[in-house]
Amino acid sequence: TSYIPTVRGRILDRTGVVLAVDEPGWDVEVEYRALTQQWVQDMAEAAARVELGGAWKEMGITQKDAAIAEHVGRYAEVAEQAWQLLSDLGDTPPLALEEVRASIVQRTERIAARVTEANRQNRMAELQEDVSVAEAYMEIREQHEPHAVLFDVAESSIGVVGDLIAEAERQAIDWRRKTTRGYRITAAPPPSAFWLEVKPVRAKHRRYPLETVTLRLDRSSFPGPLASDEPATVTVAGVAMHVLGQLRPIYKEDALLKDRPFLRQLPSEQWVEELGGYRAGDRLGAFGVERAAEMTLRGSRGKTVDRLDAKETVVEIPPVAGRDVTLTLDHRLQARAQAIMSHDPDVGLMQIQPWLEAPMPVGTQLNGAAVVMDLKTGEVLAAVSVPGVTLGDLTNRRFEVFNDFTFEPATFRATAKPYAPGSTAKPLILAAAIAEGVHDPDATIDCSLGYLYESRPTIFRDWIHRASEGAQNFGVLDGVTAIKVSSNVFFGVLGQRLRPERVHGWFSAFGAGRRLELTMDERAGYVFDPNGPNAVGLANMSCIGQGEIEMTPLQVLNAYATLFRGGEAIRPRFVRGEPHREGKLPIPDSALRVIREGMWKSANEGRNGDPASGTTYQLNLGEYGPTRPIFNAPGVTVYAKSGSAQCSPTVEKFDRDGDGLVDLPHGDIVQQGAHAWVVALAKPEGQREPTIGVVVLVEHGWSGGKTAGPIANQLIRACQVEGYLPLPETAGPEGRD
């Protein structure tokens with residue numbers, strides 16, 4: 001009996017373009033001892049033994065070490081030349097190949113250390129006495145097997161590797177002969193001996209054909225000095241990799257191997273085959289859609305029987321290929337969104353600019369996330385996380401990527417990293433207050449005091465209020481103007497009227513603090529405990545998006561989508577299918593009318609220097625450029641709300657002992673300042689309802705309007721380029737390229 005491997009299903013974008021597919025290829029594996037200095041040491045010792053003959057047995061340890069040292073340099077040079085040739089044959093830069101070697105060794109040593117420590121603890125418990133690491137040391141399987149160092153190698157290079165191995169095997173006859181007691185070394189190992197540690201392997205590769213995309217960005221609508229009539233050519237590597245994910249081998253210790261084994265024992269003690277089950281060495285999704293849609297993509301093996309008596313092979317069970325998965329993403333819009341948020345210096349939107357007056361040096365690279373959604377269906381059209389990961393990172397720098405606890409490149413910030421939502425929470429609270437009957441749609445609130453608590457004027461105040469200026473404040477506000485100018489006091493009063501239970505309930509109804517059940521890595525975020533201590537104060541703070549409330553960027557955009565659908569909740573998704581409707585929130589039309597007008601005025605109304613200007617209306621760059629509107633996509637109407645959420649600085653974090661747990665941060669501050677948010681909903685001019693939703697979160701971006709606003713504007717223009725919003729004939733130089 002033998003088994004026919006299955007073929008994993010493809011992953012397609014919404015237009016049918018293939019983003020992930022199984023194809024055969026060649027890898028090159030190298031024995032573990034050749035990845036370390038052990039091979040050099042072994043060869044040098046073999047050469048010393050041959051050179052000294054019978055005298056070797058009479059020598060002491062120090063003399064043997066000295067004799068070995070005389071040959072180490074020669075074989076170290078042999079290994080270095082061999083690695084250089086592998087680098088050339090694999091079309092892999094030497095530094096990248098060295099990172100692969102180091103990553104394998106680090107991972108293996110870390111596993112060996114954990115196994116040894118577990119053994120030491122067990123022996124100490126058994127013997128009731130201290131046991132040293134040396135006494136408890138245990139070798140593991142990975143230290144005695146080959147590891148892949150080159151992937152998807154050209155067949156011509158594999159032919160060269162095969163010739164080198166064949167020549168090494170011929171030369172091995174002269175220095176290593178097999179006897180009844182094993183191998184006997186008869187001469188110093190030749191330089192070709194290294195290739196006995198190398199093995200080409202026929203492998204099934206998961207290819208991501210559009211992982212790298214080059215496109216042009218029209219910069220004519222960029223802010224200030226970033227604007228240019230010359231388009232920028234940007235190459236984006238890692239297109240949608242956070243969403244797609246990657247595969248990894250399955251190990252004997254994996255829980256999934258026990259949950260879905262290839263062989264299963266029945267209660268009758270009979271063993272049966274599960275052709276859809278796993279065996280050690282199989283591949284499975286490590287993260288992203290590859291993991292979330294594993295059962296759809298996987299398929300099952302086939303089975304053949306070679307009948308020796310009849311000399312025929314019969315296919316008893318044909319293999320079943322995995323089913324394809326079609327994403328809601330548009331790969332071109334995704335690539336364009338990643339280009340807009342890239343750290344490419346020709347773009348510059350994700351860097352500290354001088355007009356921000358932020359507490360970080362100009363040019364500091366910023367991180368964050370963005371999501372573009374079809375508001376009607378809840379389909380995610382693009383989702384970006386910065387810093388991103390590339391296929392090269394996941395292949396050659398996997399250890400560094402997943403152990404960077406400071407900037408967390410492996411974290412998909414759009415769905416898996418919650419933040420304080422800042423002032424983007426305010427329209428949700430206004431909807432709740434009107435729905436609960438504690439605020440009339442057209443009623444006003446006197447905010448002229450400038451702060452919420454009369455006895456504590458410095459802890460909850462409007463951003464424009466300064467105690468030394470006394471009379472400067474927003475005055476009496478209605479709901480429309482409160483959203484437009486983003487008054488903290490207005491929404492603090494609404495929080496006092498709603499009380500903690502209803503504030504908590506409405507945030508939960510909008511999706512905060514619970515998972516969205518995505519086919520994607522995600523976190524639920526957090527909403528304060530309405531029955532806990534200081535619930536009243538926390539409820540008031542949450543109404544301005546501060547305190548104990550955290551939401552992911554997708555949760556924030558999904559809440560606005562629900563709001564602008566009149567309360568109809570549709571689960572957002574990354575995989576195409578029928579919309580999953582989750583009910584309808586009782587949001588009155590009058591509430592939506594006020595919120596729509598307030599967000600329209602936030603993005604479209606105001607004058608330079610006017611305190612009543614919308615917070616997402618214009619960019620005042622001072623000496624760095626003229627004051628211009630933030631949103632400038634022709635033929636499109638935008639509703640927007642900004643937010644600047646106070647937060648702790650980002651400091652360096654380490655896992656010093658390698659146990660996978662991050663130590664308490666004691667490193668330097670690497671980023672600081674408020675997180676910058678913008679939610680923007682766009683519609684073609686003349687159409688009634690917004691069709692496209694955009695959310696942008698820039699970590700420590702300082703100003704929602706000045707930092708996240710221009711990025712949201714460019715994402716809206718990208719939707720025009722890719723056909724999701726109308727593009728006038730007078731479009732920029734990039735057109736629909």
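Q: Is Asn713 buried or exposed?
A: Asn713 is buried, because its relative accessibility is 2%. Buried means under 20% relative accessible area, exposed over 50%, and partly exposed in between, using a 1.4 Å probe and protein chains only. This is a predicted model, where local features need pLDDT of at least 70, side-chain atom pairs count only at pLDDT 80 or more, and totals for chains, interfaces and linings use all residues. Residues are numbered from 1 along each chain as its sequence is written, and side-chain values use heavy atoms, with hydrogens and water left out.

Q: Thanks! What is Asn713 in contact with?
A: Leaving aside neighbours within four places in sequence, Asn713 is in contact (heavy atoms within 4.5 Å) with Ser221, Ile630, Phe631, Asn632 and Ala633.

Q: New topic: which aromatic ring does Tyr3 pair with, and how?
A: Tyr3 pairs with Phe262: the ring centres are 4.9 Å apart and the planes are at 90°, so the pair is edge-to-face. Rings of Phe, Tyr and Trp (its six-membered ring) pair if their centres lie within 6.5 Å; planes under 30 degrees apart count as stacked, over 60 as edge-to-face and the rest as tilted.

Q: Are those two buried or exposed?
A: Phe262 counts as buried at 6% relative accessibility, while Tyr3 counts as partly exposed at 26%.

Q: How many aromatic pairs are there?
A: The count comes to 13 aromatic pairs. Phe287 and Phe402 form one that is edge-to-face, 6.2 Å centre to centre with 70° between the planes.

Q: And which residues form an aromatic cluster?
A: Trp39, Tyr75, Trp83, Phe194 and Trp195 form one.
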